[in-house]
Amino acid sequence: MGNFLARLCFAVTLMLCSLSANAAFVTKVINKTGADITVTFYNMACQTCQMVAKNSNVAVAPYQTVTFSGDYAGEYFVKNNSPITVEPVSVDDSGYENNYGPLPYGNGVYGVWIGGGANVEIRTSAPAQCPASAVNWGAGNFCSAVPVATTSGGSVSLTNSVAGANGSAVASCSAGTWTISSSTCTANLTVPVGLFATDGANTGSININWGAVQGAGTYRLQQRKQGTSAWTDLVASSATSYNWTGRTDESIFEFQVRAENSVGASAWSAIETGYIRPALAPVFVSQTGIPSKIGVGQTFTFSQVWKNTGSETWTGTAYGTSHHAANGAIQWGIGFTSFTGSTATSAQVTTTMTGTAPASAGTYTLQRVMQKSGTSYGVPSTAATVVVYDTPKCTAVNTDVSTTFNPTGTVTATLAGASSVETAVLRVWGEIKGESNGVDYPLSFNGTNWVATFPVAPHLSPDEVKINLKASVSNSVFASSVCATSTLVYQQLPLPAVTLTPTFGTFGDAARQGFVVNRAGGEFAKINVDLGAFSGSLKARVEVLDPADGLLNVALNGINAGQQTSVLMASSTLNATPSSWQQVNASIRVSYADPAAAAQGKVVVVPIAWTVAPAGLTVTASGIKASTPTVSASIAPSGGGFSSSLHGAFNGYLRLAPNAGTVGASQDVSSDGTWTIGNLDYAQLYAAQLVAVARAVPPAGITLFNPLEFVSPAFGLPVQAPLTVAATDGNRENDVQVIWPAVATGSAIRYRVFRDAAEVTPATGISGIEFIDIPPNRGTTYTYTVKTMINNVVSQSEASDTGFVPACRAARLIGASLNADMSAINGLIERWECLEGATGSGAVDAGTASAVPITGSATYRSFSYVLDPALADGAHVLRLGIESKGVVINATRSYDIPFTLGRSSISLKSLTILYDGSTAQPGLEATSIGRFGARMEGGTGLGFAEEIK
């Protein structure tokens, strides 16, 4: 009963309804949308109370539930604050609903009655729907499509479904109505195909038709006269054919058509041509009786059939055929020939004529054309080719050779001046056998000439010298006849005459000449072949054969007769013959090089013998470091060893390079290929370039035209050191003398001296044969070595000797002089501690010697020799003697010391005291500033005044 009353209350909006007096309740607002909702809750506290706002402007967020409580009855004011449309629905506890309808944005509804406790649900409002019905767009609404049914606010992409256009659009649904946007609609028409226009089928009209195009509304047809450029519309309609009537112009017209609709047009079709039926349109049908071959001046009868395809009937003598003067056609003696009777449209007429062949042979054309009153119409008749023959002829029969010597060869004959010939035959026979034994050879036409090739052999007899030829010609009109004859000379060839000249060496006898083959190159002879009268026109072939007729050389094919030509053994032959001087029998076969000439079998065979000289050997040589200059040499093949059994005997020589005189004695080369030449004069050869020579010694009976020599590269003797060196052994006081004998004379010869491996001469050497060395240490023995240097090349050998300077040296005078007062001679003596002692003695002017004391303890000591006061002034000599103990060299030394006495020059005569430049008086006292001085006067050595400070 309560639910019934509630439903009754829902039905009576804004009416007061009591479910139960003073009953408290709870109600909810449930937002099931994405809209923002605001509600105000009104409550009636009693049945007779006023409805008052209990909760004002309460926000209910999307998908939020808000709970309210009331006392008696209540209702809501609902406001939609979002752009979407919603629907307030009250739902009681039994599920009964009351929908208050769509509530758009910004609107509110008052009086959502809930009585004593129903809930309010905010739901999404169902939009209006657009139907699935056709929509159109584009020019004339040509494009169309059916969208699917869509609710309001939705949109659909459309594609045109109507033939003849491409299009697209967007259909948007709004309140049940479709709106079109973003639309395109362009023509998509195919080009009309099958355009056809009649060609002469209709009199005065041309019928044109074409294939339909899907989507086309109309077709535009245009025409122009062939040869012009501007098009003109004929018709624009929905039909696919058009009959262009009322035409009198027989010209050819061109047509084109295109499809069109309200949004565009297709491209133009391919061009078609058409024309009305002409008044005169003859067509050649056939012809009979025209011969393909005929003789000059002969006649023939033929017929032609013509058809009238024009609109005009052929009646009277103005219609007929005449000679078509084109493409080389001739008249054949036939002028204009009229048709007989009347020939209507599509009818045929036959005309018969007699022609006459021209008087000159050749190939001619017969062709006629339909004419009316002298004017030609239509296409001429098919050109007929007729060959006109004269009597067959030729002027000569020529051969490719006038003379032959080849019995197995062939000869080609050609007819000259051939005319009107269809077949030709050549008869050939030998002079000895006669024509009755001749052979017929058909001649064939090669497009230019009549030619036949025949063999020589069938027509030869022993000693035959001539072959005869006869040519006969014919054609299908005239009989065969002989037109020319000719002859061919057959020549017998002489035997070749052979002259062989050895080029390297020879042996043997007249029965079998022997030849020495130069292994380096293979040549052994020059050959001269005489072919007699044919020497200038034919060539020879030369072969060297072994006893089994195997080829030993590269055959000389085509050598000039009468000229010297080298004959060589093949390298393969020489490689197979390793041993030198081995004699082998062979033969030389000489024939004709030309195969045609060789066919006569004229061959000469000359027996020979041959042997091979050694080759491919290399000589090496060098000087040997020895007490006397010596050269060692050897000969050997490349990459192998020398063998006298393979290479033969040799003599060894030494020559001045490049090819001067022989040096030293020759030697027999040993079996291993070596030889040595010694005792050479180094003084003569030290600057020379030498070559070692190995000369082949052929076996007895073999003669070489020139010595066969193998020569080494040029070389020089090694630089030779002096044979001996002598260095002094302490017999020189202060140095070592090194001497040696000269190895040779010449400005290029230098010597370098070494002391214990340290060079003491300049690096450029010295030219002399002596060197004085002051060694760093006395008493030490050094080894002195001397090397020779020539043109900056230093000898590898060397000579040496030891030498030294004595450890101690005798005392010696360093210097001496007269003292100032000329009373003694004082001096300095070097005296080493290593001496056991040293004493001195002295004598003036060869007087009696007296002892001179040597004082001091250092290396340099002094002496003083007192002069006799009575010794007169003048020149004197003091002879000083020094005796050293403990040494051998210069143990006694003497020195002459010259001096001059002049004692009178230094004697004093007076002494004067000066004051201010004047003689000072005795007792003078200087009371003021003044100068004192002294003046001395005496001998020639005195005389001066000196200031006293």
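In which sense, parallel or antiparallel, do strand S15 (residues 165-174) and S16 pair, and over how many bridges?

Modeller: S15 and S16 pair in the antiparallel sense, over nine bridges. The model is predicted, and local features need pLDDT of at least 70, side-chain atom pairs count only at pLDDT 80 or more, while totals for chains, interfaces and linings use all residues. Residues are numbered from 1 along each chain as its sequence is written, and side-chain values use heavy atoms, with hydrogens and water left out.

Two terms come first. Strands (E, at least two residues) and helices (H or I, at least four) are DSSP runs numbered from the N terminus. Two strands pair if DSSP finds at least two bridges between them.

S15 and S16 belong to an open sheet of three strands, in the order S14-S15-S16, with antiparallel pairing. At its edges are strand S14 (155-159) and strand S16 (177-187), each of which pairs on one side only. Direction ignored, neighbouring strands of this sheet are turned by 10 degrees against each other on average; the axes are lines fitted to C-alpha atoms (for helices over the stretch in contact), and angles run from 0 to 180 degrees between N-to-C directions.

Because Cys143 lies in strand S12 (residues 143-145) and Cys185 in strand S16, the pair ties together parts 42 residues apart in sequence. Both Cys143 and Cys185 are buried, where buried means under 20% relative accessible area, exposed over 50% and partly exposed in between (1.4 Å probe, protein chains only).

By the sulfur cut-off the count comes to five disulfides. Another of them joins Cys394 to Cys483, at an S to S distance of 1.8 Å. Its S-S torsion is about 90 degrees, so the disulfide of Cys394 and Cys483 is right-handed. It links distant parts of the chain, 89 residues apart: Cys394 is in the loop between strand S36 (384-389) and strand S37 (396-399), and Cys483 is in strand S44 (residues 481-490). Cys394 and Cys483 are both buried.

S40 is joined by eight bridges to strand S43 (residues 466-474), running antiparallel, and Val425 stands opposite Ser472 in S43. S40 also pairs with strand S41 (residues 439-445), in the antiparallel sense over five bridges; there Leu426 stands opposite Tyr441.

A disulfide also joins Cys808 to Cys834, with S to S at 1.7 Å. The torsion about this S-S bond is about 80 degrees, so the disulfide of Cys808 and Cys834 is right-handed. Cys808 lies in the loop between strand S69 (799-803) and strand S70 (812-818), and Cys834 in the loop between strand S71 (824-830) and strand S72 (837-844), so the pair ties together parts 26 residues apart in sequence. Cys808 counts as buried at 16% relative accessibility, whereas Cys834 is partly exposed, with a relative accessible area of 40%.

Strand S71 holds Ala824, which is buried, with a relative accessible area of 5%. The C-alpha atoms of Ala824 and Asp868 are separated by 8.5 Å, although the two residues are 44 apart along the chain.

Strand S72 is part of an open sheet of four strands, ordered S73-S72-S75-S76, with antiparallel pairing. The edge strands are strand S73 (850-852) and strand S76 (892-901), each pairing on one side only. From one strand to the next the twist averages 30 degrees. S72 and strand S75 (residues 874-885) pair over eight bridges in the antiparallel sense, and Val844 stands opposite Leu878 in S75.

Terms used:
A disulfide is a pair of cysteine sulfur atoms within 2.5 Å.
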